[in-house]
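Visitor: I have a chain open here and would like to talk it through. Could you go along with me, starting with the pockets?

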Amino acid sequence: MISTISYLPGDLEVLASLEGRHFWFSARRRIIVDALRRWFPGERDYLEIGSGTGFVASGIREAFPAWRVVESDPLAREASVLRIDA
């Protein structure tokens, strides 16, 4: 299967401006953090492929400050919203 990226330049910035105040994105991030806390308590590394704006990864950084969090997204070059910790 071959897929293409359907985001336009600037779409991630628009999405980033909405995620923090929209119930669905906040609830989804909370569910993911809770699942990681429950099912992976001994982990120290997290890789997110297709991280989009980095909203989920930032929640993981906040919840697990000792973890190394790495994000990857095909639009990372075009988005100024991504952050990768080394």
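Visitor: How much space lies in the largest pocket?
Guide: About 250 Å³ lies in the largest pocket, and please keep in mind that this is a predicted model.

Visitor: What is the lining like by class?
Guide: The lining of the largest pocket has 9 nonpolar residues, together with 5 polar and 4 charged ones.

Visitor: Let's step back to the fold. What pattern does the chain follow along the sequence?
Guide: Reading along the sequence gives α-α-β-α-β, with 3 helices and 2 strands in the chain. Of the contacts with a separation of 6 or more, 51% are between residues 24 or more positions apart.

Visitor: How confident is the predictor, say as a mean pLDDT for the chain?
Guide: The mean pLDDT of the chain is 84, and 80% of the residues reach 70 or more.

Visitor: Now burial. What share of the chain is buried?
Guide: Buried residues make up 29% of the 86 residues. The chain exposes about 6200 Å², and carbon and sulfur atoms supply 58% of that area.

Visitor: Which residues of helix 3 are buried?
Guide: In helix 3 the buried residues are Phe55, Val56, Ala57, Gly59, Ile60 and Arg61.

Visitor: And what covers them?
Guide: The cover over the buried residues of helix 3 includes helix 1, helix 2, strand 1 and strand 2 (68–72).

Visitor: Is Pro65 buried or exposed?
Guide: Pro65 has a relative accessible area of 69%, and because exposed means over 50%, Pro65 counts as exposed.

Visitor: How far apart are Pro65 and Arg44 in space?
Guide: Their C-alpha atoms are 9.3 Å apart, while Pro65 and Arg44 are 21 residues apart in sequence.

Definitions and conventions:
Residues are numbered from 1 along each chain as its sequence is written. This is a predicted model: local features need pLDDT of at least 70, side-chain atom pairs count only at pLDDT 80 or more; totals for chains, interfaces and linings use all residues. Side-chain values use heavy atoms; hydrogens and water are left out. On a 1 Å grid over the protein atoms alone, a cavity is a set of points where a 1.4 Å probe fits but cannot get out, and a pocket is an open set with protein on both sides within 12 Å along at least five of seven lines; lining residues have an atom within 4 Å of a point. Grid points are joined across faces, edges and corners, and a volume is the space filled by probe spheres set on the points. Ala, Val, Leu, Ile, Met, Phe, Trp, Tyr, Cys and Pro count as nonpolar, Asp, Glu, Lys and Arg as charged, and the others, Gly among them, as polar. Helices (H or I, at least four residues) and strands (E, at least two) are DSSP runs, numbered from the N terminus. Buried means under 20% relative accessible area, exposed over 50%, partly exposed in between (1.4 Å probe, protein chains only). Contact means heavy atoms within 4.5 Å. Accessible areas come from the Shrake-Rupley method with a 1.4 Å probe; for residues, only the protein chains shown count as cover. pLDDT is the predictor's confidence in each residue, from 0 to 100.
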